[in-house]
Amino acid sequence: MSLRTIKIISILVTITGAIAIWQNGTFRQYGDQSGYQPIQPINFSHKVHAGDNKINCLYCHSAADKSRVAGIPTAETCMNCHTKIKPDSPEILKVAAALEKNEPIQWVKVNDVPDHVVFNHSRHVVAGLSCNTCHGPVETMEKISQFSSFSMGSCVSCHRTHREVILGADGRPQISAEKSEKKLMASTDCSVCHH
Amino acid sequence: MTEERLWRKFLETDEHGKPVPYKSPIVGISRRAFLTALGYTSAAIGLMSCRVPEQKIIPQLRQAPEQTPGVSSWYASTCAGCSAGCGTLVKVRDGRPIKLEGNPEHPVSKGGLCPVAHSLVFGLFDPERLRKPLIGGKEATWKEVDEQVTQRLTPARTGGKIRFLSNSVISPTSRSVIEMFISGNEDAKHIVYEPVSTSAVRTAHKLTHGVDATPMFHFDKAQIVVSFDADFLGTWISPVQFTREYSRARDLKGGQKEMLKHIQFESRMSLTGANADKRIKTSAAEQIESILYLFGILAEKGGKSFSVDPGAIQTRSLSPAMKKQIASVAGELLSHRGSSLVICGSNDTDTQQVVNSINDILGNYGNTIGIDNPTLQAQGNDREFAELIREMNAGEVTALFMLNVNPVYDCYSSEEFAAGLKKVPLKVSFDSSLNETGSLADFVCPDHHSFEAWGDAETLKGTYTFNQPTIAPLFETRAYQESLMRWSGDDRSFYEVLRTFWKENLFPKQAKYAKFEEFWDNSLHDGIFVADSGPTEKRAEFTSNDLDEALSRLGKQEFSDYSLAVYQKTTLRDGRFANSPWLQELPDPITKTAWDNYACLSPGTASKLDLEEGRVVTIKKGSKAVQLPILIQRGQSDDCVAIALGYGRTKAGKAGNEVGANAFPFVSFSEDTFRYSATDISIEPTENRVYLAKTQTAESTLDPAGFKRPLIQEYSLNDFVNGKHEEERAEHQTLWHEHDYPDHKWGMVIDLSACTGCNACVLSCQAENNIPVVGKDEVGRRREMHWLRIDRYYEESGEETKTRFQPLPCMQCDNASCESVCPVLATVHSSEGLNMQVYNRCVGTRYCANNCPYKVRRFNWFQYPHDDPVANLALNPDVTVRSRGVMEKCTFCVQRIEEKKIIARNENRPIADGEIKTACQQSCPADAIVFGDLKDLKSSVNQNKKSGRDYVLLEDLNRNPAVSYLAKVTNSEDVGKEEH
């Protein structure tokens, strides 16, 4: 191969790479995985379930208000409805097959924080944060993707400003930006998340 | 040039004088071109290749209703570490048991646990466990094993002896299964073998009270305890239970004015002796004669008529000073009749008989010693085991079943046992890891780990606890009870048998629940069932029938220059846990040495023989010899050579093999009991030296100039009761801004009076916080990783050596010197008083560790491997696993604090005092650690900080630590106040 050929090929490769970056929006901070949309073993559509049918997030992700993880629904949860609803759809047949063969479904993790971060879902859910705040408009997603960058800055900016929980008209906690003499609720201590 | 040259001159020029670019003959491309191409392509690849490594998230197919992913569930169970049967709560997270904690409602442990219990988690996920049954050393299936064993068992059942050899079986249901298996045979017996046995207590009580049992010792009912070499806080019978009762009897935190007095007569420095109010150092001869002399005085003054010939009491080696001491001890005992306790650690029936007589004169039976309600722990029968060896060697045994025993390693005559074993046609072992004995068996049928198995336990008569499985068996193991049942043609599961046993035997013994299912579920939930006690049995009466013979035999004992004492360490015990790296690395509480055993010599003996520490010597008794480095032990009697058992294993596994030397050959069998002391030994120095891996070499609190540093504050009980300990604390002055703590401020108080130095807290912390094991070499370089350490200091005054323990977690200083020197702010102060360590920020400068005056910071010098997927299951998912180059330290279990804070906030309520328990606090059998919120005015940590005994370590350095200590109070007259 002559040097000229190599130069041409590598310039083309660089241009392709630059287009890929351009398509993704901006240059990314290291570790920023927003927009990550991997292929899942089963083509589950949040738009159909959470959007069109308005199923509550907590129906499937039931551990979100009890535990540090939100939990991916078990195959049994799917079959709660799908033994009757569209049981012959090819994607739903995959769920039924998993239950029969006793092989758990291996979803690809989309929303993730690094191992050195501890995040507790239940505290945020019980405090009144809506799931969309961090997970974006999930009910419009045909295929789930990561909405937020989950950078430390995105967490800390909220912790710094939203410090107090006030009850709204419906008696449920509302997030307020005002400071008052009430106790700090969202701590900015390092060891709250890094321990 | 037609010829290709693979080398050329530095700079070749063409006909115009221009340099010719080098073209590689292989690739045909010049260097410059190659580098250019390399640069472009790597830039391009770098730009495109930042992809997320794909991670899978796999939910269960069917949600178990009691499990919420990410939330821990707790199961009440029983510890299987020894025969004490402490109740435990097993923390299960996502189907994996990851931590053991004491069950506060259990009458044996009352919430405390010893170091061995915490290491059982590691044992469950030990990658070296057997995964399948073995036939002749090769993996097989259970079907094959059952076929072959049943086939070979049939001829063995008639015309031969079948023996079931096990350690103490504390499970009544399992005992019934063993009974059932044995009863189907002509001549079958269940022999209980404990390598370190206390059977002399039983045999002595058989002679004096007609009851073949170990009595219950009630330390909480006693006001004075005199122990002759009984390590009851360390390893004797039921140390957690005794520590609990002992510390409650000595507790001064609630305003008490009285304390249990503890006097110890011993030759070697044991953990119990280190805690005694008065420790009297005795040689082997003095030890026996002290017991005899004490008995003589009490027989005379005790008011009971004993026909004892005064000439039978030998006291030729007792000095007048010693006699005076014993007389004063006798006086104290007599003034506490019925509330005193005299115990002895010797395994000689004669000595124990004398001790029984002493206790009888003092009226302790029925008060501090319960012989009518004996304990079911420690069931070893030495005589039957010796008989078994004889039977095996005579070829009489046709089948031998071995459960949790390893006699080829740990019996007093392992060659005889191994030789006898060869003559047994059918040898079956139930070991879960292959050990020295199991490798000689024909069939190895690995039993479940206790976390995978069903079972129950009864160690206190009438109190039944469960052993619940917390994970499905990881490998193809099978409960030994089920193996026995299969070979008897019974196809039931052991779970069924357990339920049937409880239904038939225990359900009728209560009246609370009408239905069995209710009873079963509630008992499982509580973990404990106390049966309605029937009418109290007749009190066993004391008879002194064999006493005279015992006294004359004791009087005839000969002693030599050196006397060997072999003992159990609180960590490895009898060697069954030698493959636990956690226990190997835990430094011995007294010698602070890890990963080794050694021959302890007194300073006098070592200097007499001109030996320095670490010098290898050969200890010989007759034909038995062992080579060990010596360790100079303060406070040890000059004639005593002490060697720990449990080392020198050859088939323990990666961690346990070739560590130390085996001292079991020095155990002997005489007159129906195993003996752990020997005379006629010689010490021969060699030229070799070994470096002992010690975590602490400083022995006293004296600084090089000879001043006593105020690390341990101590008062006598008299001074404490009279308020002489209330001294003025210097007013706290500081140039720093005080921190603002709006919500909580976490603080801790450690009661030095309660701490016995057992190191259970250290292991609990290791299990909770994913602390790595570093190995002997690194420990020798002072790089052990334990976040919490227990310092041990000696104070010598004349012949007496006092030992003091001081646990040191991170002090969480308000004016932390580590915080101000971190260049990247990886350690900063939290709004709740914690000194936080942020692992992902740390770059490994190590300035913080340098600046810490308490030296509580630990640095990850290496990437401690976490390669094995099975072993990784033991990790706590709430705590980051640190990588190389990161500093770590005690965090006050911040993960537990955060967990409880979140639960409390979710439930919209304040945190109750005592709701958050750090791992060390939870495990302590002596309740020495108190942790809580200093902003909560009613919290117990606040009350304790206001105590006059409260003091802070290195106060002059003005670090303002959150951890303070309560001064040690000794129930002894000759303790002066510390001089600064």
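Predicted model: local features only at pLDDT ≥ 70, side-chain atom pairs only at ≥ 80, totals over all residues.
User: What makes Asp878(B) and Arg68(A) a salt bridge?

Analyst: Their side chains come to 3.4 Å, N to O. The cut-off is 4 Å between a side-chain nitrogen of Lys or Arg and a carboxyl oxygen of Asp or Glu, so the pair qualifies. The count between chain B and chain A is one salt bridge.

User: Which parts of chain B supply the side that touches chain A?

Analyst: Helix 1 (31–48), strand 1 (56–57), strand 35 (835–837) and helix 24 (894–906) of chain B each bring at least two residues. Helix 1 gives the most, with eight residues. Sorted by kind, the residues on this side of chain B come to 22 nonpolar, 14 polar and 10 charged.

User: How do you know that strand 1 of chain A pairs with strand 1 of chain B?

Analyst: Pairing takes at least two bridges, and two bridges join these strands, so they count as paired. They run antiparallel, and Trp107(A) stands opposite Ile57(B).

User: What is the buried area between chain B and chain A?

Analyst: About 4500 Å², with 64% of it on carbon and sulfur atoms. An interface's size is often given as accessible area lost when the parts come together. As for residues, 46 of chain B are in contact with 49 of chain A.

Key:
Residues numbered from 1 in each chain as written. Chains lettered and ligands numbered in written order. Heavy atoms only, no water. Contact = heavy atoms within 4.5 Å. Buried area = accessible area lost by both parts, 1.4 Å probe. Helix = DSSP H or I, 4+ residues; strand = E, 2+ residues; numbered from the N terminus. Nonpolar A, V, L, I, M, F, W, Y, C, P; charged D, E, K, R; others polar.
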